[in-house]
Amino acid sequence: MMPFPEAVPFPDELAEISTASEDFKANILEKKRYVDKTMALLPLLRRTHESTFLLRPRRFGKTLMLSMIRYFVEDTRDEALNAENRHLFDGLNIMSAGPFYTAQMTRYPVIRLSLQNVKGHGTNAHTAFLDAYQTLREEIQNEYERHLYVLESDTLTERNKKDFRRVWLGEDPDTGKEATRTDYKASLQRLAYYLRLVHGQKTVLLLDEYDVPLEHAQRCGYDREMNDMIGSLLQNVLRTNAENLQFAVIVGCLHVAASSIEPCLSHSEFNSVMSAEGGSWFGFTEEEVQGLLSENGLSDHAAKLKAFYGGYRFGQTKIYNPWSVLRHIEELRCHPQAIPETYWMATSGNHILRKLADMSSETVKEQIGILLHGGTIRFRWREQISFSEAPDEEELFNIMLSTGYLTCVSFDGHCIEAGIPNQEVKIGFQREIQRWFDAFSRSFDAAPLYHEFLSSQEDRPHRIRRILEDALHASIDCYDSEEAYVHAVPCGLLSRRPDFAVHGHYIPGQGHFDIECLGRRACRNLAIILQVRIVKAARFLHSSAVLAASQSRIRKSALAALSESRETVYTYGIAFFEKQCDVVPGPVCTEKELKEITSP
């Protein structure tokens with residue numbers, strides 16, 4: 001192979017960079033830049049396995065891969081069109097692989113089916129399933145319609161043709177009786193059989209997004225029915241169907257563990273982000289990204305793209321997010337000063353991060369904090385994912401690994417050490433955790449905290465400390481520094497009291513800051529001034545809080561608040577170490593003191 005895979009050469013013009021189409025033929029004919037992944041065909045054409053599941057994160061090129069495979073192997077029954085499709089591969093790596101492989105170009109009938117839109121919506125789980133099932137029926141009917149020519153063949157019996165029409169039309173052509181679920185469960189198996197009879201060659205099955213219906217069904221409560229439907233569909237076409245199936249490629253994100261589909265999965269090959277083979281099949285390698293940048297005159301952006309969109313490891317191969325790389329190169333070609341954006345993160349609801357944030361485990365919150373500060377976490381590798389309603393932290397981290405939110409740093413055969421791959425994903429983490437904290441803050445009752453700050457009871461520091469520490473333990477540190485985190489939490493909680501305006505005076509790197517809570521409305525005569533310090537060890541908490549409470553700075557802030565017509569200002573020194581704190585009351589400043597200072 002070449003140092004980095006080349007596009008189909010267009011020497012007189014710069015190939016267009018685009019993420020708009022996932023159709024291989026359209027991209028080649030429209031002279032779009034295609035990063036050559038055709039060598040992924042080799043194990044498929046060798047029939048190393050009858051069925052192969054290719055599992056990678058979304059938008060890493062899975063649908064484009066299936067499209068490429070289709071145009072390489074599909075016999076359209078039109079020799080002119082077959083010849084046109086063969087020419088699509090001129091100059092690509094597969095053409096130098098040898099006659100065994102090129103002889104299989106445009107040889108086989110193909111069944112192609114996408115389950116991406118098989119998602120049910122309804123007022124309850126049953127109606128949601130029926131909606132998803134109807135979409136599945138329509139997808140299968142559309143594929144049957146693509147092969148209507150089989151009805152003209154004498155190799156099919158009248159019964160075969162009647163069965164074909166029943167699935168295609170959704171009803172028995174003679175009686176008008178609706179086709180059953182059993183008909184659709186067997187539909188791909190039967191279509192593979194019909195195509196083999198008509199073409200005289202075994203069928204290739206290409207199935208996209210197989211796990212989408214299963215994952216959506218679990219979230220919407222109709223997983224039992226959908227697992228049975230998809231499980232039966234796969235079992236029928238993949239098991240005991242060797243006489244009709246040349247090979248099958250099924251793509252998705254996850255290896256789903258469900259009893260209804262396990263029998264067919266146990267006979268299949270699974271190629272995932274952890275597999276040694278095929279690390280470069282999906283996403284872009286470093287050499288491929290360098291090639292794209294070089295041919296566009298953008299090589300000086302290499303370091304920034306690596307930081308934002310690189311960092312993945314599939315098997316032993318370092319990989320970049322292809323969607324974000326192409327989108328950013330598109331931007332740079334139009335706007336050379338464009339900064340990297342979170343293109344990939346913006347294409348999903350990121351519900352897996354929300355589920356992670358919602359977990360109340362102290363361990364999980366600590367692990368998220370470690371990840372966000374550039375560290376790694378360790379968990380046991382689970383190849384199969386159960387889509388349970390309440391996944392444990394280990395399953396959740398495995399889902400995040402398979403879907404691109406984490407990447408493997410090292411693997412000992414049992415446990416994975418994983419981290420956040422790049423800046424794009426880190427920013428997505430931070431935004432999702434911030435959304436979670438905003439929701440947490442909105443539900444926080446600030447009244448008890450203000451009650452203690454405005455109290456004169458001697459044990460109020462203890463109660464203030466307990467409230468703040470409980471909030472810190474319930475929250476997740478998603479900030480770039482401990483200072484920013486410690487500033488954000490108390491400010492966020494104190495802002496939940498509408499009759500106080502909260503202002504934080506934070507300058508990064510100083511190790512201390514002020515928080516002013518200035519009363520308004522019924523509390524307009526009151527103010528609270530907090531001098532906050534960050535310490536390096538727990539043993540310094542109390543002494544630092546005492547120092548903060550006695551500083552002249554806090555008194556000056558209190559007098560400034562008094563000059564704005566407040567009558568009483570309460571001051572406190574607070575010191576934080578990680579999620580511990582200590583609170584020391586400072587002086588209570590009154591209007592009388594202001595008059596004494598300002599009187600002639």
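## Strands 7 and 8

Arg313 has Lys318 in strand 8 as its bridge partner. The model is a predicted one. Strand 7 covers residues 312–314 and is joined to strand 8 by three bridges, with the two strands running antiparallel.

These two strands make a hairpin, with two residues between them. Gly315 lies in the turn and has a positive phi of about 65 degrees.

## Strands 6 and 8

Strand 8, residues 317–320, also pairs with strand 6, residues 284–285. This pairing is antiparallel and rests on two bridges.

## Cysteines

The structure contains zero disulfides. A disulfide is a covalent bond linking the sulfur atoms of two cysteines. The cut-off applied to the sulfur pair is 2.5 Å.

For Cys491, the closest cysteine sulfur belongs to Cys517 and is 7.7 Å away, so the distance is too far for a bond. Cys491 is buried, at a relative accessible area of 13%.

For Cys523, the closest cysteine sulfur is also in Cys517, at 11 Å, which is again too far for a bond. Cys523 is buried as well, with a relative accessible area of 11%.

How values were computed: Residues numbered from 1 in each chain as written. Predicted model: local features only at pLDDT ≥ 70, side-chain atom pairs only at ≥ 80, totals over all residues. Heavy atoms only, no water. Buried < 20%, exposed > 50% of the residue type's maximum accessible area, 1.4 Å probe, protein only. Pairing = 2+ DSSP bridges. Helix = DSSP H or I, 4+ residues; strand = E, 2+ residues; numbered from the N terminus.
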